[in-house]
Amino acid sequence: MHRTKYEDKDLSLRCARALPFLAIFLIACGPSLIRDTNIEDTPEHREILKVVETYRSAIENRDIRDLRRVISTKYYENASTTDIDTDDYGTEQVLKQIFPVLSDHVDKVFYVIEITELTMQNNEAFVDYKFELKFHYTDGEKEHWGLKQDINRLSLEREEHGWFIVSGL
């Protein structure tokens with residue numbers, strides 16, 4: 001069957017009118033996102049981000065107990081040096097070296113994290129984020145403010161009782 005040019009115009013006009021409704025429908029039916037992120041809202045993603053928030057809050061509040069709650073006993077860090085192992089450390093070194101410095105020399109911490117990506121592979125999760133860490137500390141008799149801004153990746157692993165940080169602190 002052959003259409004006239006007027007029928008083609010009418011069809012084009014109807015399609016153009018339907019396009020905004022189609023776009024709204026597709027957006028509304030897409031995955032919902034966790035507020036202030038581009039992370040799909042799933043129970044598992046929320047559980048992982050809760051661990052990250054516990055970590056962030058524990059650093060800001062200098063709460064060693066909460067930090068211990070989210071760090072795996074399998075924690076391992078190579079300090080970004082793969083050619084030597086003298087600066088590698090695990091859970092015990094974090095507890096013995098990093099925690100005392102945080103609690104003894106730092107008296108104020110402001111820690112802002114912006115999650116940029118969350119990916120998962122089986123029982124592992126990787127959280128990429130930007131951060132700004134401001135802290136007030138003493139060095140002997142002198143007081144200082146420090147600032148660190150960077151990007152980082154936390155690696156988490158699902159263990160028997162939930163998600164725990166296994167590297168990236």
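Which pattern of α and β does the chain follow, read along the sequence?

**Figure 1. The whole chain, from start to end.** This is a predicted model. Read along the sequence, the pattern is α-α-α-β-β-α-β-β-β-β. That gives four helices and six strands. The chain has 169 residues, and 31% of them are buried. Its accessible surface comes to about 12100 Å². Carbon and sulfur atoms account for 52% of that surface. Take the contacts between residues at least 6 apart in sequence: 50% of these join residues at least 24 apart.

**Figure 2. Tyr-55 meets Tyr-111.** The whole structure holds five aromatic pairs. This view shows one of them, Tyr-55 with Tyr-111. The ring centres lie 5.8 Å apart. The planes stand at 85 degrees, so the pair is edge-to-face. Tyr-55 sits in helix α2 (residues 43–61), and Tyr-111 sits in strand β3 (residues 106–121). The cut-off for buried is under 20%.

**Figure 3. Phe-110 stacks with Trp-145.** Here the aromatic pair is stacked, with 20 degrees between the planes. Centre to centre, Phe-110 and Trp-145 are 6.2 Å apart. Phe-110 belongs to strand β3, while Trp-145 belongs to strand β5 (residues 142–159). This pair also links distant parts of the chain, 35 residues apart. Phe-110 is partly exposed, with a relative accessible area of 44%.

**Figure 4. The largest nonpolar core.** In soluble globular proteins, nonpolar side chains tend to be buried together. How many residues does the largest nonpolar core have? It has 29. Those with the most contacts inside this core are Tyr-55, Tyr-111, Ile-113, Ile-115, Tyr-129, Leu-156 and Ile-165. Several elements give two or more residues each: α2, α3 (64–70), β3, β4 (124–139), β5 and β6 (162–167). Helix α2 supplies the largest share, seven residues.

Key: Residues numbered from 1 in each chain as written. Predicted model: local features only at pLDDT ≥ 70, side-chain atom pairs only at ≥ 80, totals over all residues. Heavy atoms only, no water. Buried < 20%, exposed > 50% of the residue type's maximum accessible area, 1.4 Å probe, protein only. Contact = heavy atoms within 4.5 Å. Areas by Shrake-Rupley, 256 points an atom, 1.4 Å probe, with all protein chains shown as cover. Phe/Tyr/Trp six-rings, centres within 6.5 Å; stacked < 30°, edge-to-face > 60°. Core = buried A, V, L, I, M, F, W, Y, C linked by side-chain atoms within 4.5 Å.
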